[in-house]
Each structure stands twice: as C-alpha cells, then as structure tokens.
Amino acid sequence: MSSTAEAAPTWHGILRQAFKDQDVRLVTYVPDNVLRPLIDGCHADPFFTTFSCTREEEAVGIVTGACMAGMRGVVLMQTSGFATLPNALASLPVAFQVPVVMVVSERGTMGEFNPGQAIVCRTMRPILDSMGIEHHTMTRLDEAAFVADRTIRQAFATRWPACLIISPLLSGGRK
C-alpha cells in the first residue's frame with residue numbers, strides 16, 4: 001500500500017470541506033457525542049473559529065450577529081436541542097432573513113430508547129417546514145458533499161436559514 005494513499009472520506013470531513021468551500025468560518029455548537037468528530041476537526045483547523053455555547057438559542061444569536069457583520073457561521077446541535085429553537089429562529093434569522101446554517105445530529109429514530117428524543121425527532125421537520133426553512137437529511141456518504149454544498153450555498157444565496165440533518169444512517173448514531 002502506498003504511503004500517499006488518501007484516507008477514506010468521512011461525513012465529518014466532507015462537512016468541514018463544505019464549510020470551507022462556502023467560507024463558513026464560525027462554528028458554534030452545543031456539545032454532542034455524534035458530532036464530536038466534526039467538532040474536534042473544526043477545533044483542530046485554524047481556518048475555523050470554533051467554540052461551545054451553553055444553549056442552542058445562544059449559538060443561533062451569535063451566528064446571526066456574526067452574519068450581520070459579514071462572517072458566515074454554522075450552529076451544530078443534537079435533535080433535542082432543536083426543540084428549544086422555534087421562537088429564537090422565528091424571531092431572529094427568519095424574521096430578518098439571516099442565513100443561519102444548522103447541522104443537527106438526528107436522534108429519536110432507528111432504535112432510540114428515549115421517548116423525548118423520539119417526540120422531538122417527529123416534530124423537527126414540520127417545525128422547519130412551517131418556517132420555510134430548507135432542510136435536507138444526509139443519509140449517504142456518496143451524496144454528502146453535494147447535499148452539504150448545495151444547502152449551504154442556497155442559504156447564503158437566498159439569505160434564509162437552512163438545516164442539514166445528520167441521519168444515524170450516515171453518522172452511525174449514538175454509540
């Protein structure tokens with residue numbers, strides 16, 4: 001085997017590259033085990049300014065303000081954290097047409113043990129739909145780059161929030 005062989009692509013590597021390709025430099029997050037490889041990769045890369053927030057609403061507010069000042073950002077969270085966001089989304093990025101990009105690790109499906117996660121999982125997409133927020137569920141590695149790039153590109157082109165939902169089919173789910 002050649003020493004120059006490339007490592008196999010990963011969903012988190014593909015997302016990091018999509019952020020770079022779209023000049024998304026600010027990465028805010030609420031800690032999550034599924035998103036840990038993405039978070040760690042962003043922390044390790046000097047291209048990004050990456051930090052944790054105490055609540056998802058705080059992360060949305062920070063990314064909204066950064067975007068208004070000319071810096072593109074993303075909010076990383078788990079499904080349950082999304083449950084706290086409808087008011088914050090409706091009253092800030094939706095009301096003022098700010099392209100806040102969200103990445104949500106999906107729980108509540110495919111063998112989930114926590115009923116609270118399942119409820120939020122069932123309501124997340126209808127809530128996004130009701131606010132007109134474009135969302136795509138990433139399930140396949142071979143489509144991940146295209147879906148991530150186009151979703152982020154559209155958010156900034158239309159000045160509207162967007163959400164990438166990371167399915168356990170792609171991430172391997174909660175271990």
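User: Where does Thr79 sit?
Analyst: In this predicted model, Thr79 is placed in helix α4, which covers residues 79-82.

User: Is Thr79 buried or exposed?
Analyst: Thr79 is buried. Its relative accessible area is 0%, and the cut-off for buried is under 20%.

User: What does the side chain of Thr79 reach?
Analyst: The backbone oxygen of Ser105, at 2.8 Å.

User: Which residues is Thr79 in contact with, leaving aside neighbours within four places in sequence?
Analyst: Val104, Ser105, Glu106 and Arg107 are among them. The list also includes Gln117, Val120, Cys121 and Met124.

User: Glu106 is in that list. Which residue forms a salt bridge with Glu106?
Analyst: Arg125 does. The closest N and O atoms of the pair are 2.7 Å apart.

User: Which parts does that pair tie together?
Analyst: Arg125 lies in helix α6, residues 115-130. Glu106 lies in the loop between β4 (101-105) and α6. So the pair links parts that are 19 residues apart in sequence.

User: And Glu106, buried or exposed?
Analyst: Glu106 counts as buried, at 9% relative accessibility.

User: What about Arg125?
Analyst: Arg125 counts as partly exposed, at 21% relative accessibility.

User: Changing topic. How many salt bridges does a search of the whole structure find?
Analyst: Nine.

User: Give me another one. Which residue meets Arg55 in a salt bridge?
Analyst: Glu57. The side chains of Arg55 and Glu57 meet at 2.7 Å, N to O.

User: How does accessibility look for Arg55 and Glu57?
Analyst: Arg55 is partly exposed, at 44% relative accessibility. Glu57 is partly exposed too, with a relative accessible area of 25%.

User: What does Glu143 form with Arg140?
Analyst: A salt bridge. The closest N and O atoms of Glu143 and Arg140 are 3.7 Å apart.

User: Which residues join that pair in one network?
Analyst: Asp142 does. Salt bridges with shared partners connect Arg140, Asp142 and Glu143.

User: How accessible are Glu143 and Arg140?
Analyst: Glu143 has a relative accessible area of 36%, so Glu143 is partly exposed. Arg140 is at 41% relative accessibility and also counts as partly exposed.

User: Back to the start. What should I look at around Thr79?
Analyst: Look at Ser105, whose backbone oxygen the Thr79 side chain reaches. Then look at Glu106, which is in contact with Thr79 and forms the salt bridge with Arg125.

Terms used
Residues numbered from 1 in each chain as written. Predicted model: local features only at pLDDT ≥ 70, side-chain atom pairs only at ≥ 80, totals over all residues. Heavy atoms only, no water. Salt bridge = Lys/Arg side-chain N within 4 Å of Asp/Glu carboxyl O. Buried < 20%, exposed > 50% of the residue type's maximum accessible area, 1.4 Å probe, protein only. Helix = DSSP H or I, 4+ residues; strand = E, 2+ residues; numbered from the N terminus. Polar contact = N/O pair within 3.5 Å; in protein donor to acceptor, adjacent residues only side chain to side chain. Contact = heavy atoms within 4.5 Å.
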